[in-house]
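Work through these exercises with the model open. Try each task before you read its solution.

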Amino acid sequence: MKPPRKLHIKSYGCQMNVYDAQRMVDTLAGEGFVETVHADDADLVILNTCHIREKASEKVYSELGRLRAAKEDAARDGREMKIAVAGCVAQAEGEEIIRRAPVVDVVVGPQSYHHLPQLLRRAQHGGRAIETEFPADDKFGFLPQPRPDAIRARGISAFVTVQEGCDKFCTFCVVPYTRGTEASRPAEKIVDDVKRLADNGVREITLIGQNVNAYHGEGLDGRSCTLGRLLHRLAEVPGIARLRYSTSHPNDVDETLIAAHRDLPALMPFVHLPVQSGSDRILAAMNRKHTVRDYRNVIDRFRAVRQDIAFSSDFIVGFPGETEEDFSATLALVTQIGYAGAYSFKYSPRPGTPAAEMRETVSAADMDERLARLQELIDSQQSAFNKAAVGATVDVLFERAARNAGQIVGRTAYLQPAHVMAQLDIVGQILPVRIESLERYSLLGELAPSPHAHVSRSVPSQISIGA
Ligand code: 5AD
Ligand code: SF4
């Protein structure tokens, strides 16, 4: 029998890439590949890349430089190491990668992962293979299901892609070009995936998509189904205790999604809802298609049905034409909303996007200074949010043994890591924890006596940051 070939995947960027990496592992398992954590001893290394900002793209080429040395070492030992570039840089710069990096054997765009085995065969014996088309066949129909042992090894929390791509065309963003226009999977397929995950011990599902709440897949009744309705259906799957979804656009928050937050205890009261800027002028230049007021109204609709709901967001500073006044409006919006956390980025021009043509660029010094001020404000909100948990008893879904011996780590409804001293058999359970202290971003606590420790549904937690 041939020994298994070793596969190493390095993923950059968003959750979609983490999910895609797992699907590539599942696809290549059928070809006799097993995963290894080391690139050096791998027979195949896949870089699953991100193109969202310039820094993310550049990492690919520096990593390829390192891999060239590893490939040469392998060749000296008489081993062949293949190198593939997948993900959004592959999609956007396929031909250029082939030209710039002779070390690369295969380039594969995000819509073609189900063709990886054929591409690898084409790249045998020194050939090179590239596929960055949007193929007519739907990759989801062809990607194999994960094996039960692979699901178990990945733990109790899983991502499931429900839609891909985006039709919004924000002027700064490459996603509509790299991931294509919006496409949703049929609800039945998603329910089947979730049942299979639940049967193998998964307790928490995060539905993912570049614009997840634009989901409109074919429903079980043959009609178009919204994200809210899909969540209602998934909440009925036995074993699923927590549901989440990411990333949402404010304009696609419909009444069924609000109703899902009102009606489903399993749907976690923590929503990532990027706004990008607090200035109407900049929002218009970004083609976000909503105003600050529209965004605040959306937040209010969530809060009206679920008082303990918390939000995170994404912000871009230094978008072309952003003045000090525009930036102050962003700070004011952050102050008004009160976030549990947020990501903030310096604007990075992406080739091919409309904003990359805009002339009124903001100086690097101004960008640095604004980013620092925004991050300081967000950090202070995040610390206040985390501190508010100290002294409270909150539900924690336990995930795994922590680094410190005897400790088990899990997450609260708000994704805060929480550590307790306990036996490993609590992994997979939701238990109330009395939070005693906060260490940087981690909560430390003690298991609280629970009259209903066996209950799988999460009970809404008590923390709220107060507007
Ligand atoms: N420059 C900086 N940040 C960007 N993002 C997307 N495109 C750019 C860009 N060109 C940020 C947005 C988005 C997040 C995933 O990345 O804030 O919500
Ligand atoms: Fe990019 Fe999100 Fe805008 Fe779509 S909605 S173009 S993914 S920033």
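**Exercise 1. The shell of ligand 2**

By class, how many nonpolar, polar and charged residues does the shell around ligand 2 have?

Solution. The model is a predicted one.

Step 1. List the shell. Cys166, Lys168, Phe169, Cys170, Phe172, Cys173, Val175, Pro176, His249 and Arg288 are around ligand 2.

Step 2. Sort by class. Cys, Phe, Val and Pro count as nonpolar, and Lys and Arg as charged.

Step 3. Count. The shell has seven nonpolar residues, one polar and two charged.

**Exercise 2. The open sheet**

Find the six-stranded open sheet and give its strand order. Then trace the pairing through S3.

Solution. 

Step 1. The order is S2-S1-S3-S4-S5-S6, and the pairing is parallel.

Step 2. Strand S2 (33-35) and strand S6 (129-131) each pair on one side only. From one strand to the next, the twist averages 20 degrees.

Step 3. Take one side of S3. Strand S1 (residues 5-11) runs parallel to strand S3 (residues 44-49), and five bridges join them. Here Lys10 stands opposite Leu47.

Step 4. Take the other pairing. S3 and S4 also run parallel, joined by five bridges. Leu44 has Lys82 in S4 as its bridge partner.

**Exercise 3. Two helices in contact**

At what angle do H2 and H3 pack, and which residues meet?

Solution. 

Step 1. Helix H2 (residues 54-76) packs against helix H3 (residues 87-100) at an angle of about 35 degrees. The axes are 12 Å apart. The crossing is right-handed.

Step 2. Read the contacts. H2 brings Ser57, Val60 and Tyr61. H3 brings Val89, Glu93, Glu96, Ile97 and Arg100.

Step 3. Sort the contact. Four residues are nonpolar, one is polar and three are charged.

Step 4. Check against helix geometry. An α-helix has 3.6 residues a turn, so residues three or four places apart point the same way. Compare this with the residues H2 and H3 bring to the contact.

**Exercise 4. Asp193: buried or exposed?**

Decide whether Asp193 is buried or exposed. Then name its contacts.

Solution. 

Step 1. Asp193 lies in helix H8 (residues 187-199).

Step 2. Apply the cut-off. Asp193 has a relative accessible area of 7%, so it is buried, being under 20%.

Step 3. List the contacts. Leaving out residues up to four places away in sequence, Asp193 touches Tyr19, Gln145, Val160 and Arg185.

Step 4. Compare sequence with space. Asp193 and Pro146 are 47 residues apart in sequence, and their C-alpha atoms are 9.5 Å apart.

**Exercise 5. The barrel**

Which strands make up the closed barrel, and in what order? Follow S18 and S19 through it.

Solution. 

Step 1. The five strands run S15-S16-S17-S19-S18, with mixed pairing. The twist averages 55 degrees from one strand to the next.

Step 2. Pair S18. Strand S15 (residues 393-401) is antiparallel to strand S18 (residues 430-439), over five bridges. Val394 stands opposite Val433.

Step 3. Move to S19. S18 and strand S19 (residues 442-447) run antiparallel, joined by six bridges. They form a hairpin with two residues between them. In the turn, Arg440 has a positive phi of about 50 degrees.

Step 4. Find the parallel pair. Strand S17 (residues 417-421) pairs with S19 in the parallel sense over two bridges. His419 stands opposite Leu444.

Step 5. Finish at S16. Gln407 is found in this strand. Gln407 is buried, with a relative accessible area of 14%. Its contacts include His419 and Leu444.

Notes
Residues are numbered from 1 along each chain as its sequence is written. Chains are lettered from A and ligands numbered from 1 in the order in which they are written. This is a predicted model: local features need pLDDT of at least 70, side-chain atom pairs count only at pLDDT 80 or more; totals for chains, interfaces and linings use all residues. Side-chain values use heavy atoms; hydrogens and water are left out. Axes are lines fitted to C-alpha atoms, for helices over the stretch in contact, and angles run from 0 to 180 degrees between N-to-C directions. Helices (H or I, at least four residues) and strands (E, at least two) are DSSP runs, numbered from the N terminus. A crossing is left-handed if the near helix is turned anticlockwise from the far one by less than a right angle, and right-handed if clockwise. Contact means heavy atoms within 4.5 Å. Two strands pair if DSSP finds at least two bridges between them. A residue is near a molecule or strand if one of its heavy atoms lies within 4 Å of it. Buried means under 20% relative accessible area, exposed over 50%, partly exposed in between (1.4 Å probe, protein chains only).
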